[in-house]
Amino acid sequence: MAIPSGSGTEVIKRAYIDAAGESEATILTGVANHIMTVISIIVCENANLADSQFDMYVDYNLGGTDLYLLRNQVVGSKETFVWSDRLAITGTDKLHIQGNSVAGTSVFDVWCTYIDQDWS
């Protein structure tokens, strides 16, 4: 993506996943000529499992190459985890979450707040 030189828009948005489980779930998908700056991601454990874990990663080249941001992040029973570090999603990037609990089937609700800068 070229460096933007014209006018565009900047809008705060949200994305969510209701009951993400142990298969890969997409939180955000990049769009050409957009910069999506993630402000926060809130993950709430809903399966009442004491040892629920999840991975969060970016597939950055459409070839299945995953760059892990979190690996085996533990969330206690009915507890909440907050990711508040900023990251950018652009072009062909996809931000994913996947449960990987060892004590049953993980279930997470996910809420993502981000700024979408549209330069198209």
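Student: What makes Asp 116 a buried residue?

Tutor: Asp 116 has a relative accessible area of 5%, and buried means under 20%, exposed over 50% and partly exposed in between, computed with a 1.4 Å probe on protein chains only, so Asp 116 counts as buried. Before we go on, note that this is a predicted model, in which local features need pLDDT of at least 70 and side-chain atom pairs count only at pLDDT 80 or more, while totals for chains, interfaces and linings use all residues. Residues are numbered from 1 along each chain as its sequence is written, and side-chain values use heavy atoms, with hydrogens and water left out.

Student: Why is the pair of Asp 116 and Lys 13 called a salt bridge?

Tutor: The term requires a side-chain nitrogen of Lys or Arg within 4 Å of a carboxyl oxygen of Asp or Glu; the closest N and O atoms of Asp 116 and Lys 13 are 3.1 Å apart, so the pair qualifies. The structure holds one salt bridge. Asp 116 lies in strand β9 (residues 108-118) and Lys 13 in strand β1 (residues 9-20), so the pair ties together parts that are 103 residues apart in sequence. Strands here are DSSP runs of E with at least two residues, helices being runs of H or I with at least four, and both are numbered from the N terminus.

Student: Is Lys 13 buried or exposed, or in between?

Tutor: Its relative accessibility is 36%, so Lys 13 counts as partly exposed.

Student: How do you know that β4 and β5 pair?

Tutor: Two strands pair if DSSP finds at least two bridges between them, and seven bridges join β4 (residues 52-59) to β5, so these antiparallel strands meet the criterion. Phe 54, for instance, has Gln 73 in β5 as its bridge partner. Both strands belong to an open sheet of four strands, with antiparallel pairing and the order β2-β8-β4-β5.

Student: What makes β2 and β5 the edge strands?

Tutor: Each of them, β2 (25-29) and β5 (66-75), pairs on one side only.

Student: Which residues does Leu 69 touch?

Tutor: Leu 69, in strand β5, touches Met 56, Tyr 57, Val 58, Trp 83, Leu 87 and Leu 95, not counting residues up to four places away in sequence, where contact means heavy atoms within 4.5 Å. At 26% relative accessibility, Leu 69 counts as partly exposed.

Student: Where does Ser 106 lie, and why is Ser 106 called buried?

Tutor: Ser 106 lies in the loop between β8 (94-99) and β9, and its relative accessibility is 0%, so the residue counts as buried.
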